[in-house]
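Subject: Structure handover

Hello,

Here is the structure I promised to pass on.

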Amino acid sequence: MRDLLANRRFMIFWLGQAVSVLGDGMTPIAMSALVLHYYGPSGFGIALACYSLGYGVPMLLGGVIADRYSRTAVMAVADVLRLGVVVGYLLLAGRIPLAGLGALSVVGGMGAALYTPAFRASLAQLLEPEQLRQANALQGIANKGAFAVGGALAGLLIAVAGGESVADGARWAFAVDGSTFAVSIITLLAIRLPRVARSEESPGVVREAVEGIRAVWRRPWVAVVMAQGTVQVVAGFAPFMVLLPIVALHRYGAGGYGTLAFCQGLGSILGGLLILRWKPRRPGVTAMHAIALFAPMCLFLAVPVPLWAYVVAQLLGAAGISVFFALWTVALQREFPAEMQGRVFSLDSLLTFVLNPVGLALTPVLMTLVGVPALAVGSAAAIVFFSYVVLLVPGVAAFRTPPHPSTDGLTPARAESRTG
């Protein structure tokens, strides 16, 4: 840990991205206040849909770009795009038609699609392999904490800085949000990671994207964990996102719901602190135990437990998610060659994201058909079942490819070049 904190380039990267995530926490609060004020609920829904479209469609392209060019430069370009969107919201919201706002949202989603794979692949360039577990945990702690602070700051600015005008307060929040992107861009340009050395000439964008998919497919344990994420998001996490505010507000009131929301962020930070100090012998098994801790958060939507019991479930479940993602990210960083990590992380993000809108849209329908208790129990069962059934696939328990006679003793990157 001491060596990690002494790494000047990592600390510049870490602090710059923590400031950036603080702005990310402000964006949804400011956006909802501003868009709802001028365009109403339907306009807000359209803005979210346009952002999702901009984020999901070019995600694999974002991975190819991250593998072709300097990843910090790619992140800086993405931040310039997102800064432009923030300025657009600040200056144009309420003055342009809804179609123009939708176009801004599409560009914002494209910026996020460009940023995400480059960000997730950058740590492996900055650090030694043995530092990645702690670095990912530290990055997760900063992200969760900064995102929560950003949301609170946006709410404060909307309530105070705008006086009686919600729109004016939201514009103040967007102004602060824009300054965080400027900080991120400056730190990224200061680090200036070189482009990753490539073993051969680029075969073209489509073929490079296909190569990334094939690289994942050749490792069944990676493919099955990515598929697990897709199923758990649509069957478990998406219903939870819709049901929690409905159930918590009815059962515990606004104060209780606020407490549970706070505990999600706190639990994520605690999980990051835990994985900073703990190096599991079988990271895949530990990761699946950790993700299964989310099940009580779903189950308690069906069971009228006291608030303190739900608080404990929230802390444990959020900590488990944090532990899972730290271990999973390290596994991908170690398993795949550096020149392919952007594509791998883009595919991981795409598969995790792709059915989330479907789950969110289906949840109200299923609530009507089967009721909240049955839906909550089903979500909990899906989380547990898919957390442990994947352990039947060789490699999942250790989060690494099992040795093969032709590649025994080789690192994953060298085995990749040996097998083509």
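α3 and α13 run roughly antiparallel to each other, because their packing angle is about 160°. Please keep in mind throughout that this is a predicted model.

Helix packing

I will start with that pair. Helix α3 covers residues 59–68, and helix α13 covers residues 341–354. Their axes are 7 Å apart. The crossing of α3 past α13 is right-handed. On the α3 side, the contact uses Met-59, Leu-60, Gly-63, Val-64, Ala-66 and Asp-67. These meet Gln-341, Gly-342, Arg-343, Ser-346, Leu-347, Ser-349 and Leu-350 of α13. By class, the contact of α3 with α13 has six nonpolar, five polar and two charged residues.

α3 also packs on helix α8, residues 205–217. Here the axes come within 9 Å and cross at roughly 95°. That angle falls between 65 and 115 degrees, so α3 and α8 are roughly perpendicular to each other. From α3, the contact takes Leu-60, Leu-61, Val-64 and Arg-68. From α8, it takes Val-205, Glu-208, Ala-209 and Ile-213. The contact of α3 with α8 has six nonpolar residues, no polar ones and two charged ones.

Leu-60 and Val-64 are worth a look on screen. Both are listed in the contact of α3 with α13, and both are listed in the contact with α8.

α13 has a further partner in helix α5, residues 98–126. The angle between α5 and α13 is about 130°, and their axes are 8 Å apart. That makes α5 oblique to α13. α5 passes α13 in a right-handed crossing. α5 brings Thr-116, Pro-117, Arg-120, Ala-121 and Ala-124 to the contact. α13 brings Gln-341, Gly-342, Phe-345, Ser-346, Asp-348 and Ser-349. The class count for α5 with α13 is four nonpolar, five polar and two charged residues.

Some α13 residues turn up in two of these lists. Gln-341, Gly-342, Ser-346 and Ser-349 are among those that meet α3, and they are also among those that meet α5.

Aromatic pairs

The model has 14 aromatic pairs. Two of them are set out here.

The ring centres of Tyr-89 and Phe-174 are 5.3 Å apart, with the planes at 10°, so this pair is stacked. The pair links distant parts of the chain.

Phe-240 and Phe-294 pair edge-to-face. The centres are 5.0 Å apart, and the planes stand at 70°. This pair also links distant parts of the chain, 54 residues apart. Phe-240 belongs to helix α9, residues 220–277. Phe-294 lies in the loop between α10 (283–292) and α11 (295–299). Phe-240 is buried, with a relative accessible area of 4%. Phe-294 is buried too, with a value of 2%.

There is also an aromatic cluster. It is formed by Trp-221, Phe-324, Phe-325, Trp-328 and Phe-399.

Single residues

Where is Arg-82, and is it buried or exposed? It lies in helix α4, residues 71–92. Arg-82 is buried, because its relative accessible area is 10% and the cut-off is under 20%. Leaving out residues up to four places away in sequence, Arg-82 touches Ser-20, Asp-24, Gly-108, Gly-111, Ala-112, Tyr-115 and Phe-181.

Thr-286 is in helix α10. Thr-286 is buried, with a relative accessible area of 14%. Beyond residues up to four places away in sequence, Thr-286 touches Trp-278, Pro-280, Val-323 and Leu-327.

Asp-3 is in helix α1, residues 2–6. Asp-3 is exposed, because its relative accessible area is 59% and exposed means over 50%. Asp-3 and Val-149 are 146 residues apart in sequence. In space they are 28 Å apart, C-alpha to C-alpha.

Best wishes

Notes. Residues numbered from 1 in each chain as written. Predicted model: local features only at pLDDT ≥ 70, side-chain atom pairs only at ≥ 80, totals over all residues. Heavy atoms only, no water. Helix = DSSP H or I, 4+ residues; strand = E, 2+ residues; numbered from the N terminus. Buried < 20%, exposed > 50% of the residue type's maximum accessible area, 1.4 Å probe, protein only. Contact = heavy atoms within 4.5 Å. Axes fitted to C-alpha atoms, helices over the stretch in contact; angles between N-to-C directions. Parallel < 35°, antiparallel > 145°, perpendicular 65-115°, else oblique. Left-handed = near helix turned anticlockwise from the far one by under 90°. Nonpolar A, V, L, I, M, F, W, Y, C, P; charged D, E, K, R; others polar. Phe/Tyr/Trp six-rings, centres within 6.5 Å; stacked < 30°, edge-to-face > 60°.
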